[in-house]
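Colleague: I have not worked with this structure before. Could you take me through how to read its features?

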Amino acid sequence: MSSAPAPAHGEHSQDRRGGLAQPQLLRGEDYVADATRRIHDAKRRVLLTTLTIAHDHRTDDLIEALVYAARRGVEVSVAADVFTYADAAGTFLPTGYRTKLWRASDTLASKLIHAGVHFSWLGREKGLPWRGRTHTKFCVVDDTAYAFGGVNLDRKGVENTDFMLRIADARLADDLETVYHQIQHMNVHERGHDSLVYRYGADRVLVDGGIPGDSIIYRRALLLARQSDRVLLVSQYCPTGELGKVISERENELWFNPPRNASPANRVLIASSMLWTGHRSMYTRQRYLHAKAIVFFREDGARTAITGSHNFVEGGVRLGTREIAMETRRPETIAQILDFHTRYVRGEGED
């Protein structure tokens, strides 16, 4: 069975020679610490995009490293979504508390801008809270990229059960810089762009550009699910839409947050999704699960994984959420994802 169809209409694909350098999976705290060290030593560029960012004890050193790098003359650019201070949970909080969040976010932005960082907010505060979000998360430091995980840059984001992949590959770093500037350009015009696919041997980088109804990540996951015999899913949410249906027709393990782990808004979302799909979660731990990865198994022994920022729910596709993920068949990368699942999601042998 082929897993490499021609690009769909409205989808841009670019080929690179050879596979990516071997990724190293890092948990949230390790990602922040490692990126901080590299930013301190950065020579040319630092690019960072995230859904949320805050100045607290989990991110203080990273933010100071960004300031120091900018003052040294390194080109530092940071983009964060207004979801940082205008999130869905905030709509259920007192106005005074929401104002406090905005002031803290504005203070952080001003600090970075004053130091010479090119800082920008993405998205709009008004309207449906989940519409038009930039859920893409990555950090580029010179020729090293941290991407294809879900870690947000605030206390909860770092402490969640989550990870990022560190990849020292100049081609990937250059391509992510292109994606970063594409996000900025589209944000100014308040519209999305066609899906992007960057191919590196057995690896692909999949980019959702934010056009409602268009998600190369969801489409690839759906295709691979149809070709698989068994599916292991790790996500913040219960899988929905056609993907959730196809997964239910195969042997599967679904690991997502039970409603009790979530905030009020997400609790309703997860509970209603479970009721609608009939899915049940195998996740029993109290720490909030925020990692997003699917491993597809075939009877002939072939394995493929998709890992990144996408939660594999249909709602985000319909709303035009910007996302990024990596699709890989490399055994070494898939082994790291499975090890993370065993240790920190299933909870076997965690220190």
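**Reading a covered strand**

Modeller: Strand E9 is covered on both faces: Ser195, Val197 and Arg199 on one side, and Leu196, Tyr198 and Tyr200 on the other, are all buried. Keep in mind that this is a predicted model.

Colleague: How many residues of E9 are buried?

Modeller: Six of its six residues, in a strand that spans residues 195-200.

Colleague: Which strand is joined to E9, and how do the two run?

Modeller: Strand E10, residues 203-208, is joined to E9 by five bridges, and the two run antiparallel.

Colleague: What lies between E9 and E10?

Modeller: Two residues separate them in a hairpin, and glycine 201 in the turn has a positive phi of about 60°.

Colleague: Let us move to charged side chains. How many salt bridges does the structure hold?

Modeller: There are 23 salt bridges in the structure. One of them joins aspartate 34 to arginine 166, with 2.9 Å between the closest N and O atoms. Aspartate 34 belongs to helix H1 (residues 28-40) and arginine 166 to strand E8 (residues 163-168), so this pair ties together parts that are 132 residues apart in sequence.

Colleague: Are aspartate 34 and arginine 166 buried or partly exposed?

Modeller: Aspartate 34 counts as buried because its relative accessibility is 9%, and the cut-off for buried is under 20%. Arginine 166 has a relative accessible area of 21% and is partly exposed.

Colleague: What does arginine 44 meet in a salt bridge?

Modeller: Its partner is aspartate 143, at 2.7 Å from N to O. Arginine 44 lies in the loop between H1 and strand E3 (45-50), and aspartate 143 in the loop between strand E6 (138-141) and strand E7 (144-147), so the pair ties together parts that are 99 residues apart in sequence. Arginine 44 is partly exposed at 45% relative accessibility, and aspartate 143 is partly exposed with a relative accessible area of 32%.

Colleague: Which residue forms a salt bridge with glutamate 253?

Modeller: Arginine 346 does, with the closest N and O atoms 3.0 Å apart. Glutamate 253 is in strand E12 (residues 251-255) and arginine 346 is in the segment after helix H10 (331-345), so parts that are 93 residues apart in sequence are tied together by this pair. Arginine 346 counts as partly exposed, at 31% relative accessibility.

Colleague: How should I read a pair of aromatic rings?

Modeller: Such a pair is described by the distance of the centres and the angle of the planes. This structure holds four aromatic pairs. In one, the rings of tyrosine 31 and tyrosine 146 have centres 5.5 Å apart and planes at 50°, so the pair is tilted. Tyrosine 31 in helix H1 and tyrosine 146 in strand E7 are 115 residues apart, and their pair links distant parts of the chain. Tyrosine 31 is buried with a relative accessible area of 3%, and tyrosine 146 is buried with 0%.

Colleague: What do phenylalanine 119 and tryptophan 121 form?

Modeller: They form an edge-to-face aromatic pair, 5.0 Å centre to centre, with 85° between the planes. Phenylalanine 119 is buried, at a relative accessible area of 13%, whereas tryptophan 121 is partly exposed at 24% relative accessibility.

Colleague: Which residues form one aromatic cluster?

Modeller: Phe163, Phe340 and Tyr344 do. Tyrosine 344 also has arginine 27 over its face, at 4.0 Å from the ring centre.

Colleague: What sits over the ring of phenylalanine 297?

Modeller: The charged end of arginine 230 sits there, 3.9 Å from the centre of the ring.

Colleague: The last topic is cysteines. What is a disulfide, and how many does the structure hold?

Modeller: A disulfide is a covalent bond between the sulfur atoms of two cysteines. The structure holds zero disulfides. Among the cysteines, cysteine 139 is buried at 1% relative accessibility, and cysteine 238 is buried at 1% relative accessibility.

Terms used. Residues are numbered from 1 along each chain as its sequence is written. This is a predicted model: local features need pLDDT of at least 70, side-chain atom pairs count only at pLDDT 80 or more; totals for chains, interfaces and linings use all residues. Side-chain values use heavy atoms; hydrogens and water are left out. A salt bridge is a side-chain nitrogen of Lys or Arg within 4 Å of a carboxyl oxygen of Asp or Glu. Helices (H or I, at least four residues) and strands (E, at least two) are DSSP runs, numbered from the N terminus. Buried means under 20% relative accessible area, exposed over 50%, partly exposed in between (1.4 Å probe, protein chains only). Rings of Phe, Tyr and Trp (its six-membered ring) pair if their centres lie within 6.5 Å; planes under 30 degrees apart count as stacked, over 60 as edge-to-face and the rest as tilted. A charge sits over a ring if NZ of Lys or CZ of Arg is within 6 Å of the ring centre and within 35 degrees of the ring normal. Two strands pair if DSSP finds at least two bridges between them. A disulfide is a pair of cysteine sulfur atoms within 2.5 Å.
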